[in-house]
Amino acid sequence: MSEVIVPERTAIAQAPTVSWTPLGENAILVRSHCDAIPAKVPVAVDGNPRNRAQTMVLSWRRPGAEPTSATGFLCLAPAPSVDNSGTGALLIGRPGRPLRLILAPKPQPLQTFLSELADDSGQAFPSVVDGLLEVLLTGAPNPRRLRAVAMLLQTVARPGGFVEVMGKLGETGGVGDGIFLQGWTSHFAAGRVKLLISHGGLSPAHLETGTFERDDLGEGARGFFGLLEDCHAQHPGEIERLYFRGNDGWRALEVYERHVLLEPITVPGHLRDGLQRGTAPQATVDKLKRASQRFDGRDTVCLLEEPVRAGIDSVTVVEGTGVLIIGWLFDPERRVGGVTLRSGSQSCAVDRLWTRVQRADVTAAFVEDPRFGPALASRRNNHGFIVFAPKLLPEAGQPLYLAFEVQGTGPAFLPLEPNRAPARRALERVLGLLDPRSSTASSVVERQIAPALQAAEIAPPRAAETLDVGNFDPEAPLGLVIGLDHRHRELSALFALLAMDPEARPLPIVLAAPSESFDRVGAEARRLARFYGLSVRLVAVEGVEDACDALEAGVRACRFNTVALLSGAAQIRMPGWLGRLERAYRARGGQCVASPTLLFEDDSIRWAGAWLEGEGASRRIANRFVGYPLEAVGNLGPMEVAAGASECCVLSRAAFIEVGGFARNYFTTAEKGLDLCLKLRMAGSPSLWVPDVEVYAVDDAETATPHAGALAQLADRTSFDRRWALAISNMKG
């Protein structure tokens with residue numbers, strides 16, 4: 001057949017007005033009739049041959065019609081201009097004479113258009129619709145086209161079976177992994193099946209499916225199971241119907257009214273069951289097998305034939321921070337290629353982060369086992385591990401588990417049952433399990449404990465209750481804040497020394513103590529305050545880990561312009577200490593942190609200024625005079641140092657609040673105080689050492705497990721260096 005050409009100009013002749021409906025922004029669907037028309041023609045919009053496209057034509061015979069209108073037809077055409085600048089005409093090229101059509105002034109609603117199409121095409125309507133569906137589904141879909149497809153399918157699709165079981169496969173890495181379907185049909189075979197899913201709208205998808213025999217079905221019908229992929233429906237409950245193209249036209253899979261909705265964790269088991277009793281092409285089997293190798297709540301590590309076993313000693317969700325795991329992995333032949341912690345869409349490759357530790361008990365447990373003993377060619381004992389998975393917190397309703405990639409068998413799983421604990425308490429428990437003398441302990445502290453503590457989001461201490469004794473003035477220019485931790489402190493000597501000091505006695509005093517010991521401490525403090533005539537505000541504090549937490553809450557429980565901080569570990573040595581510290585503070589215009597010399601109980605020096613030592617990257621802050629006799633400092637006057645001592649100091653309350661107070665991400669008060677003083681220094685309040693003021697500071701253990709004190713100090717030093725090393729290397733002085 002020679003090429004059909006649409007002429008540049010066509011004489012205007014009387015043309016029929018035709019019905020049309022829009023399909024998206026760039027296309028319309030046109031229905032008309034003529035004497036004859038081929039299956040593929042060019043069509044020009046508004047009589048302009050430069051705005052033309054090739055289109056498929058669907059036609060049918062119209063019995064009893066005049067010869068000039070004996071053929072009904074349907075075609076897609078480019079949309080006319082929206083600005084009404086065109087003629088509203090279509091020019092369809094066909095052999096012999098082009099066909100000119102005038103579009104009706106207004107488009108028809110799609111439902112009306114389809115209803116009139118059914119009336120006009122009669123018995124040919126199903127085949128016309130089938131062809132139209134093929135045309136509409138060709139190319140990139142748009143919502144209006146898919147809406148037209150949905151209406152057509154509701155009209156022509158015949159029953160094709162039922163979906164009886166559905167369930168969403170769990171998520172991995174935040175990407176949905178499909179929806180499990182099971183039911184019966186007699187109209188498609190196993191393999192990859194194209195579907196259209198009705199779920200409020202209409203969207204394409206694919207079903208990777210296998211089939212199996214069922215005794216309860218009629219001849220030709222079989223059960224099917226599979227995984228729905230590329231589906232826009234977010235949940236199985238959204239699916240209303242599934243359409244597919246069978247050998248004899250379009251069919252619909254209805255969702256059984258009383259269908260079973262599976263929990264995601266049970267879906268892998270249903271896939272495995274389907275693979276055992278059904279058949280499918282190898283590509284489909286491989287895909288479904290991979291999908292079935294998901295966590296289903298069971299410990300499958302213990303079922304492995306390979307010499308691989310794992311166990312968990314403790315799993316702790318560190319509040320707002322991550323997950324801390326202590327356990328062991330027996331893998332003498334190194335079959336495990338990776339270990340991943342998962343919960344819902346979250347994951348963490350823990351084998352890249354963990355620290356391996358010696359576990360001779362694991363070796364002893366397996367060495368006599370005939371299944372695994374031969375694999376222990378060497379006496380390696382580093383089967384244990386400790387790992388902190390940062391920022392991974394179990395999702396609500398989602399299990400927490402470890403996935404082990406085992407060579408040759410795929411993944412195996414170990415479910416976890418976590419406990420929850422505050423960060424510091426959970427990490428101190430780990431410190432208590434370590435041998436401070438081992439290099440492994442240092443590695444655990446530096447790689448697991450310190451990062452976990454630094455990442456922890458620890459709620460600040462909070463004043464739960466206050467009680468005033470005497471004429472307490474919360475807005476005095478100067479006030480004393482005393483902070484107590486959980487250890488028993490003798491208050492009688494402290495209150496007596498304050499009462500005998502003419503400069504301290506008139507000051508308002510805030511005594512902050514943990515709420516757990518507040519009844520005992522508060523009763524004693526009230527008695528002593530009334531006896532000595534002191535003005536005291538008692539503060540019960542929740543969330544106290546150490547004296548710094550109590551001091552923080554105490555400072556926030558008053559509005560003094562200047563505060564003198566006194567830790568419960570400090571003991572006053574002489575009258576006039578506070579007055580001299582305040583005068584040194586005032587001499588610097590109130591823009592400093594004034595601290596005294598701190599002494600051990602034998603009068604040797606515990607703290608006499610923190611000084612910068614070294615240069616560049618090796619620069620650090622050191623206490624030079626620790627252990628020296630008091631006479632070593634001589635008669636020095638006040639001098640600026642790198643950092644002060646938070647156990648006893650005078651500073652601006654506003655400056656303290658502005659820098660955020662004490663950091664909570666340390667085990668010991670030493671680094672907390674150093675951190676505070678450096679923040680104040682960076683904000684314009686340097687530290688001042690006042691040598692002639694002397695205060696005792698009791699040097700007792702601060703951690704819940706005293707023997708782990710060295711490890712706690714290592715963790716704090718590691719954390720401090722990560723936060724401050726760069727700033728210290730650039731400090732002057």
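## A hairpin to start with

Strands E1 and E2 make a hairpin, with four residues between them, and Gly24 in the turn has a positive phi of about 80 degrees. Strands here (E, at least two residues) and helices (H or I, at least four) are DSSP runs, numbered from the N terminus. What you're looking at is a predicted model, where local features need pLDDT of at least 70 and side-chain atom pairs count only at pLDDT 80 or more, while totals for chains, interfaces and linings use all residues. Residues are numbered from 1 along each chain as its sequence is written, and side-chain values use heavy atoms, with hydrogens and water left out.

Trp20 has Val30 in E2 as its bridge partner. Val30 in turn is partnered by Cys75 in E5, and E2 is joined to E5 (residues 71–78) by eight bridges, again running antiparallel. E2 (residues 27–34) is mostly covered, with seven of its eight residues buried. Buried means under 20% relative accessible area, exposed over 50%, and partly exposed in between (1.4 Å probe, protein chains only).

The chain averages a pLDDT of 88, and 93% of the residues score at least 70. pLDDT is the predictor's confidence in each residue, from 0 to 100. Over residues 1–5 it is below 50, and that stretch has five contacts beyond near neighbours in sequence. Residues 172–176 also stay under 50, with seven contacts beyond four places in sequence. A contact means heavy atoms within 4.5 Å.

## An open sheet and its helix

Five strands form an open sheet with mixed pairing, in the order E19-E20-E16-E15-E23. At the edges are E19 (355–357) and E23 (419–421), each pairing on one side only. From one strand to the next, the twist averages 25 degrees.

Inside this sheet, E15 (residues 309–318) and E16 (residues 322–330) run antiparallel and are joined by nine bridges. Ser314 stands opposite Ile326 in E16. Helix H7 (residues 423–433) lies across E15, E16, E20 (384–390) and E23, at about 25 degrees to E16. Axes are lines fitted to C-alpha atoms, for helices over the stretch in contact, and angles run from 0 to 180 degrees between N-to-C directions.

## Rings that meet

There are 17 aromatic pairs in the structure. Rings of Phe, Tyr and Trp (its six-membered ring) pair if their centres lie within 6.5 Å; planes under 30 degrees apart count as stacked, over 60 as edge-to-face and the rest as tilted. Phe188 and Phe244 have ring centres 5.0 Å apart and planes at 85 degrees, so this pair is edge-to-face. Phe188 sits in the loop between E9 (179–185) and E10 (191–198) and Phe244 in E13 (residues 241–246), so the pair ties together parts 56 residues apart in sequence. Both Phe188 and Phe244 are buried.

Trp611 and Trp689 also form an edge-to-face pair, 6.2 Å centre to centre with 85 degrees between the planes. Trp611 is in E32 (residues 610–613) and Trp689 in E36 (residues 687–697), 78 residues apart.

## Around Gln182

Gln182 is in strand E9 and counts as buried, at 15% relative accessibility. Beyond four places in sequence, Gln182 touches residues including Val163, Phe212 and Arg277. Arg277 lies over the face of Phe212, 4.0 Å from the ring centre. A charge sits over a ring if NZ of Lys or CZ of Arg is within 6 Å of the ring centre and within 35 degrees of the ring normal.

Conventions. Two strands pair if DSSP finds at least two bridges between them.
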